[in-house]
Amino acid sequence: ESEGAAGTTRLPEWLETLLSTRFFLACGAHPASPRNECNMFCLDCPSPSPPFCYYCRSHRHQSHRVIQIRRSSYHDVVRVTEVEDVLDISGVQTYVINSAKVLFLNERPQPRGAGAAAGKAAASPYNCQICARALLDPFRFCSLGCKLVDTKTGGRGATVQPGDATNDDAAAAGGSSKNGGARPQGRRRKGIPQRAPFGS
């Protein structure tokens with residue numbers, strides 16, 4: 001493990017590798033097998049440790065500590081129960097997916113526009129301290145990646161402020177349109193249909 005910038009927080013050597021790893025590619029050793037997606041990560045193998053599939057785990061990592069990466073809305077997540085004993089996850093927003101609490105590995109783009117997701121984001125009083133993503137609950141970070149940035153910079157890693165005028169997400173959350181007027185979030189109203197003029 002290595003010390004963080006503050007000198008008090010120790011980070012597992014495998015954490016940065018985990019966050020930068022591309023998962024869910026087909027396993028080269030088992031190309032014809034039905035469960036050959038590489039969504040496993042070993043905590044005991046020397047870093048950098050590449051991801052591996054279900055079959056590789058039973059052959060090469062049987063006695064190792066292994067976590068399984070899952071997907072939610074095309075983003076990588078890990079179950080809280082698999083990492084809470086080996087990693088400090090305090091301050092990171094958790095979500096319940098398929099009856100299990102999960103954490104997102106990395107920062108995600110903020111929902112935009114006037115849809116339901118954007119409306120919920122605009123109504124949230126909580127924001128990630130690193131990327132300013134709207135959060136559901138009073139947590140500090142939206143993902144493990146954002147917490148890592150904060151830890152490595154000693155709490156000085158904030159890159160986007162919720163009120164930053166250059167941040168499209170913050171502008172959308174404020175509900176302001178180009179003419180400066182407030183626009184309510186939610187479903188857009190359909191315009192009045194215009195009939196084509198009759199030919200002479």
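Modeller: Val78 is found in strand β5, which spans residues 75-79. Helices (H or I, at least four residues) and strands (E, at least two) are DSSP runs, numbered from the N terminus.

Before we go on, a word on the ground rules. This is a predicted model, where local features need pLDDT of at least 70 and side-chain atom pairs count only at pLDDT 80 or more, while totals for chains, interfaces and linings use all residues. Residues are numbered from 1 along each chain as its sequence is written, and side-chain values use heavy atoms, with hydrogens and water left out.

Now look closely at Val78. With 1% relative accessibility, Val78 counts as buried; that word means under 20% relative accessible area, while exposed means over 50% and partly exposed in between (1.4 Å probe, protein chains only). Setting aside residues up to four places away in sequence, Val78 touches Ile67, Gln68, Ile69, Val83, Lys101, Val102, Leu103, Leu105 and Leu144. Contact here means heavy atoms within 4.5 Å. Lys101 is 23 residues from Val78 in sequence, yet their C-alpha atoms are 8.6 Å apart in space.

β5 runs antiparallel to β4 (66-72), and four bridges join the two. Two strands pair if DSSP finds at least two bridges between them. Within this pairing, Val78 is the bridge partner of Ile69, and Asp76 is the bridge partner of Arg71. β4 and β5 form a hairpin with two residues between them, and Ser73 in the turn has a positive phi of about 50°. β5 also pairs with β7, again in the antiparallel sense, over three bridges. There, Arg79 stands opposite Val102 in β7.

A nonpolar core is a set of buried Ala, Val, Leu, Ile, Met, Phe, Trp, Tyr and Cys residues joined through side-chain atoms within 4.5 Å. The largest such core has 27 residues, and Leu18 and Leu144 touch the most other members. Two or more of its residues come from each of α1 (15-20), β4, α3 (80-83) and α5 (144-152). At least three come from each of domain 1 (12-69) and domain 2 (73-109 + 123-157), with bounds taken from an automatic or database domain assignment. Leaving aside neighbours within four places in sequence, Leu18 is in contact with Phe23, Phe41, Ile67, Ile69 and Leu105. Apart from this core lies another, of eight residues, including Cys27 and Met40.

Helix α5 is worth a visit too. Seven of its nine residues are buried, so α5 is largely enclosed by the rest of the structure. What covers those buried residues includes α1, β5 and β7.

Finally, the charged pairs. A salt bridge is a side-chain nitrogen of Lys or Arg within 4 Å of a carboxyl oxygen of Asp or Glu, and the whole structure has six. One of them joins Lys152 and Glu16, at 3.2 Å from N to O. Lys152 lies in α5 and Glu16 in α1, so this pair ties together parts that are 136 residues apart in sequence. Lys152 is partly exposed at 40% relative accessible area, and Glu16 is also partly exposed, at 43%. Another salt bridge brings together the side chains of Glu82 and Arg70, at 3.0 Å from N to O. Glu82 sits in helix α3 and Arg70 in strand β4, 12 residues apart. Both are partly exposed, Glu82 at 24% and Arg70 at 22%.
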